[in-house]
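Me: I have not seen this structure before. Please take me through it by question and answer.

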Amino acid sequence: MQCNLEGDGDVDIVRVAAVHKAGPGDLTFVANARYVQKLATTRASAVILGRTKGDPPRVNCAVLHTDDPYSAFAQAVTLFAPEGRPAAGISPLSDVAIDAVVGAGASIGPFVVIGEGAAIGARTIVHPNVVIGAGARIGDDCVIHSQASIRERVVIGDRVTLHDGVVVGSDGYGFARQKDGTHLKIPQHGDVVIEDDVEIGANSTIDRPAIGETRIGAGTKIDNLVQVAHGVTIGRRVLLAAQVGIAGSCVIGDDVVLAGQVGVANHVRLGNGVMATAQTGIPNSVDDGEYVSGYPAIPHRDWLKSSAVVRQLPALRKRVALLEQRLEELEEKLARCPTP
Amino acid sequence: MQCNLEGDGDVDIVRVAAVHKAGPGDLTFVANARYVQKLATTRASAVILGRTKGDPPRVNCAVLHTDDPYSAFAQAVTLFAPEGRPAAGISPLSDVAIDAVVGAGASIGPFVVIGEGAAIGARTIVHPNVVIGAGARIGDDCVIHSQASIRERVVIGDRVTLHDGVVVGSDGYGFARQKDGTHLKIPQHGDVVIEDDVEIGANSTIDRPAIGETRIGAGTKIDNLVQVAHGVTIGRRVLLAAQVGIAGSCVIGDDVVLAGQVGVANHVRLGNGVMATAQTGIPNSVDDGEYVSGYPAIPHRDWLKSSAVVRQLPALRKRVALLEQRLEELEEKLARCPTP
Amino acid sequence: MQCNLEGDGDVDIVRVAAVHKAGPGDLTFVANARYVQKLATTRASAVILGRTKGDPPRVNCAVLHTDDPYSAFAQAVTLFAPEGRPAAGISPLSDVAIDAVVGAGASIGPFVVIGEGAAIGARTIVHPNVVIGAGARIGDDCVIHSQASIRERVVIGDRVTLHDGVVVGSDGYGFARQKDGTHLKIPQHGDVVIEDDVEIGANSTIDRPAIGETRIGAGTKIDNLVQVAHGVTIGRRVLLAAQVGIAGSCVIGDDVVLAGQVGVANHVRLGNGVMATAQTGIPNSVDDGEYVSGYPAIPHRDWLKSSAVVRQLPALRKRVALLEQRLEELEEKLARCPTP
């Protein structure tokens, strides 16, 4: 990435800090236009700054200009990150099945359980108290945080991060209603595949289906407390924000972005690049590239317009009542008008 | 269950598979009309098929006709299910209180904690890293998955399944606002009863009340990430889809069905057989058999009609504006009209 | 707190029970007007009763009159609470780093992991299977329930309760989109501070930011399955009901009350004392003391009025159609009217 330096290139940077908290020795960054005015008063020694429209902001420290301040920031944070990697090896306090395979350089924490026939890739870190079921396969360079549960036969690719409390491979919610009103469980014995470079946030849940598979495509990033139901297929590079729920058998295309608390009904297909604003409810399939909002979801532009009218509905109702009154008066008046 | 076979009854079936993924040796099933057309091209050896209206679909494999394809499918999946039951016995790596009772044939995994005076029924499976509090009672033939937490004195019936990360018996959210604005905790020491044949999905939470009990009725099935607050009574055979939230002291009747992300406000009563579509918000009690949608919830039919109009609101507003203009013109015209 | 006794002050109370379940020897309470009529038939020996408007209710047991029945109830429940405190000391089945500090009278349960350099305050209870990361600091008199995960360097004050499965300090959801459509992780190494007297419900998640801190103010109470994203600042005495989601970098004022399933978009500021009804979606900042509802959120009063009209929209549309028809008839009639 290319950055242009403006100002004193000789400052010592010891930390990365938020613009309003930064002090001498700190590098800060401003990507969001609403924080630009804080640069006039920051005490930071340097700032990463995206190219902005209009006048250049007033800054009293060294400036690193870049087209992509978020990526520059990511790299800066990485540079100053505290070391935190646990030592390689299998904790004597873990319970690893005798036929499980643990790759070179992997770290298995205390009170971790690894079931029969499971395989953990090279350099993968399994934090304390994780449970990995029989026959599960986890790739290289993964990080599995504490309290996660990876059920039997789940397959996880390389460079996957599961945060604390994530559940992968729990039973899908599948029942067949019986004539007496009870619900017969449809056993859920299908597969779950998490492809490479996926990240899943704390306490999110990914169910397994009765047959076939649930699949999360490569590079997809899932936030906390998200539900992915049985038999869902999620494409590549998808972003699911916190508390999103995807019901059974949905097919989510590549590069889809769903904001927080969005719900998608079962058997729905979202085309590539579909976007939905927070709390949208999507009962029907959506074509490639559509941007939807509301419940039930409609095109975002239409929803903006409808929402604006919703706020004015009491006034609109009054206008209609007034029209009715005026019209009645006119009709009465006209009844007295001489007819030709 | 009765099935009629059509075609070659002599095929060998080795697996159950989805209709578009099935190959030779696979049994598949079609219950949902939208997948019927895939039968023309499936490579499955046999299919379970519900009776459909209209022409019988074109199928090139053996067909098992049934009135209840979901139940037949459930039975087929069970037949081909992998064996997965852990061996009976108490893991030497668990921590079971000396006065806890563990039934015959039960299986207690590593790093499980069972508190004083707790009782685990016959043949119940407690997977690794589960914590069961003092005085809790779990019935026969239950399956408690990893990372679940069953708090002190919780009572669980027979044939109950709790998925990974479920919490039963955490404190209800009860506070008394003080004059200085702080919140005094109301201690939550009531009971939680989970009746027979209940299933609770991954990372769902069931709170205990201050006094009295929280109760989940027999045969109720709860999906992932569902919240059931303190003092709630849920009837029998209820279905709560993922991310539903039931606030404190609600009474939910038998056979209620709430779709994903529905919210029910506190002290609300839902009658028997009430249904609500996804994301519905229910602030007030609902009578037996009602089907509701929207926020605030209204009868589903009314909501469908209102939602249709919401989408057309910008057009409706224009129509009102046009009416006002035309009426004004008429009024002006009429003002010049000779009065009788 | 002052209570006035009416009736027999000599009854023996052995339990606190709900008004419709109470029997002889039970103390019950009625704070909610909708339960007052049950007092005529309760078999309780005594009742805590708030001062109500109108006629005093008919009661056939001793009555404790008070201005603040919830607080009196809280105190009564505390009096009759079962003893449940685990013994002080460090379980030999835990894994506590050699340089971790555990305060006097603290209780560390089995299969607890405490990382290097962590510190646990005096009398704090850490229930079984909790994981506490390196360098984390937990204050005095806290209760950390089973399956919770407190990540590295998290700071927790005194008298904090974390319920089962809570995650504090997981990575914020921060990625920088690259030109090839992939998402570069922004490392999340910031701090999380939970101030004194905070309570966090089961399976809720509190993320850490890339830089700076996530902070939960003193006395704030958070219900189950709540998401607090990276870099959020929550004020003092805030109440967040179940399944609320607060997106990144929000600033939530003191004494804010958000009902269940409310969502707040990122970078939003909620002023002191803001309230929102269940399922409200808040895309923009809200001033001190505002009470909002709906999605997008508007003032509660306006939302009540708009919601009422939404239900009548099909009727309103018919009225507009009828107006159009009548107006057209009038226009035709008037066209035949002799012009002056």
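Me: Is A:Glu324 buried or partly exposed?
Reply: Buried means under 20% relative accessible area, exposed over 50%, and partly exposed in between, with a 1.4 Å probe and protein chains only. A:Glu324 has a relative accessibility of 21%, so A:Glu324 counts as partly exposed.

Me: What kind of model is this, and how are its parts numbered?
Reply: This is a predicted model, in which local features need pLDDT of at least 70 and side-chain atom pairs count only at pLDDT 80 or more, while totals for chains, interfaces and linings use all residues. Side-chain values use heavy atoms, with hydrogens and water left out, residues are numbered from 1 along each chain as its sequence is written, and chains are lettered from A and ligands numbered from 1 in the order in which they are written.

Me: Which residue meets A:Glu324 in a salt bridge?
Reply: A salt bridge is a side-chain nitrogen of Lys or Arg within 4 Å of a carboxyl oxygen of Asp or Glu. Here the N to O distance is 2.8 Å.

Me: How much area do chain C and chain A bury between them?
Reply: Buried area is the accessible area (1.4 Å probe) that two parts lose on being put together, summed over both. The contact (heavy atoms within 4.5 Å) takes 73 residues from chain C and 66 residues from chain A. Carbon and sulfur atoms hold 64% of the buried area, and the total is about 5500 Å².

Me: Which residues of chain C lose the most area to chain A?
Reply: Three residues together make up 13% of what the chain C side buries. They are C:Tyr173, C:Ile211 and C:Tyr295.

Me: Which element gives the most to the side of chain B that touches chain C?
Reply: Across this interface there are 32 residue pairs in polar contact (both at pLDDT 80 or more). A polar contact is a pair of N or O atoms within 3.5 Å; within protein, one must be able to donate a hydrogen and the other to accept it, and residues adjacent in sequence count only if both atoms are side-chain atoms. Elements giving two or more residues to the chain B side include strand S19 (167-171) and helix H2 (300-311) of chain B. The most, 10 residues, comes from H3(B).

Me: Which residue of chain B forms a salt bridge with C:Asp164?
Reply: The count of salt bridges between chain B and chain C is five. In the pair with C:Asp164, the closest N and O atoms are 2.6 Å apart, and the partner is B:Arg151.

Me: Is C:Arg208 buried or exposed?
Reply: C:Arg208 and C:Glu152 meet in a salt bridge of 3.6 Å, N to O. The two are 56 residues apart, with C:Arg208 in strand S24 of chain C. C:Glu152 is partly exposed, at 29%. At 0% relative accessibility, C:Arg208 counts as buried.

Me: Which side chain does B:Ser293 join in a polar contact of 2.6 Å?
Reply: B:Ser293 lies in strand S37 (residues 291-293) of chain B and is buried at 0% relative accessibility. Leaving out residues up to four places away in sequence, B:Ser293 touches residues including B:Thr277 and B:Trp303. The side chain in the polar contact is that of B:His300.

Key
Helix = DSSP H or I, 4+ residues; strand = E, 2+ residues; numbered from the N terminus.
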